[in-house]
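Subject: Structure for your review

Dear colleague,

Please find below the structure that I am handing over to you.

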Amino acid sequence: MLNYNNNNANIMNLTVVRPIETPFGVGISLNEDNDCQKLNELIKDKEWCYYYAGAPSSCSISNKNPVDSIHLATHYALCDAVMLGSNSLMIESTPKHGWKGHYHHFEYLCEHWKHIPSFDNGITRALSQQREYAQRCLHTRSRKFPAIIILSQTGNPQLFSCNYFVDNEMDQEVFIVTSIQGAHNLLSQVQPRNIKPFQIITLPPLTTQKERLFDKQQIQWTNEHNNNNNNNNNNNNNNNKWKGEDIDQFISEDMTMDLSVLPKLLVDRFDMRLIEFDGGWKVLRACAKQHIVNQITVNLCKQPLRNVLGENVWRGVRLYTVQIPWRLALIHDFSQYDFFTGIFDPLSASSEA
């Protein structure tokens, strides 16, 4: 959990997930002590969708839930930097989207996500005041907007097509955290391009074979998923049910990153003490395995994605799913807005998770 008494940056994550085909938490009111434990087991057993192909952002998973979006805007308002994986950045911050790809700060969310001002038109001013207060209390450098930290293990040069490198209107500081080989790949491509300033943070490599195993998330189309479910129901056999589990791939040492040094480096070199980790899930799991994430907050929607999308869209959409391996530490029921907010301990995952 968050700790301001040491010289390491606090890295927190907020995300939203939704059950796929059946509702979650029906009949649970959190009135009894054992409800939290009951939900902890239900959450771990559930298959959760965190993204589907074609969705511009996690806002699509929450179905434009204003409380979920204000929750995210609050995290952006309080943090010194927003950290995210390169794949998430390329999905969310390229010119093909209706916005200009600079939504990783609270003012943009509160002004351009139309469901937020219609819910609370004074939220921008309130969060601006909260940001100033937080910076005074933590004695951190005064940044109008959070810096952007991009985790790119391979140093994919396609990053340079993202708007932070093309048209950084807000002058947000941009850092790319990468491996030795990733830094080489980036530097080999940067000279011919007219891109906005950024800094490269090259991390030392991991050394053991076990640590160098790389998670690769599996993906499946819903029509295949539905066929698997039908087969399971007919055969009364759950062994074939697809659960979005990870598989391991071995990668070379100079393409790995020892993320454990990052929290102290962010404080010592860049005066960043509170970092909002913005995904995606594959990178979040890698960071949690290296014990650099302090707190994971998940908004757990109650209604299934199938109901939200409707049958026409549902039939062929590609889902990205996870199972949540961490222990539930605290949960609140936003019953009026149809979701639970769970705070999880990222150090509690089992070794095989």
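The secondary structure of the chain consists of twelve helices and 14 strands; helices (H or I, at least four residues) and strands (E, at least two) are DSSP runs, numbered from the N terminus. Please note that this is a predicted model, in which local features need pLDDT of at least 70 and side-chain atom pairs count only at pLDDT 80 or more, while totals for chains, interfaces and linings use all residues. Residues are numbered from 1 along each chain as its sequence is written, and side-chain values use heavy atoms, with hydrogens and water left out.

The chain has 353 residues, of which 51% count as buried. Buried means under 20% relative accessible area, exposed means over 50%, and partly exposed lies in between (1.4 Å probe, protein chains only). Among the contacts (heavy atoms within 4.5 Å) with a separation of 6 or more, 80% join residues 24 or more positions apart.

Strand β13 (residues 327-334) runs antiparallel to strand β14 (residues 339-345), and seven bridges connect them; two strands pair if DSSP finds at least two bridges between them. Within this pairing, L330 stands opposite I343 of β14. The hairpin has four residues between the strands, and D338 takes a positive phi near 65 degrees.

The aromatic rings come next. Rings of Phe, Tyr and Trp (its six-membered ring) pair if their centres lie within 6.5 Å; planes under 30 degrees apart count as stacked, over 60 as edge-to-face and the rest as tilted. The count comes to twelve aromatic pairs. One of them is the edge-to-face pair of F119 and Y337, with 5.8 Å from centre to centre and 80 degrees between the planes. F119 lies in the loop between α4 (106-112) and α5 (123-138), and Y337 in the loop between β13 and β14, so this pair ties together parts that are 218 residues apart in sequence. F119 is partly exposed at 38% relative accessibility, and Y337 is partly exposed at 25%. Elsewhere, ring pairs link Y50, Y51, W281, Y320 and W326 into a cluster.

Where does the charged end of K302 sit? The charged end of K302 sits over the ring of F340, 4.5 Å from its centre; the rule asks for NZ of Lys or CZ of Arg within 6 Å of the ring centre and within 35 degrees of the ring normal.

Finally, a search of the whole structure finds zero disulfides, a disulfide being a pair of cysteine sulfur atoms within 2.5 Å. C79 is buried at 1% relative accessibility, and C162 is buried at 0%.

Yours sincerely
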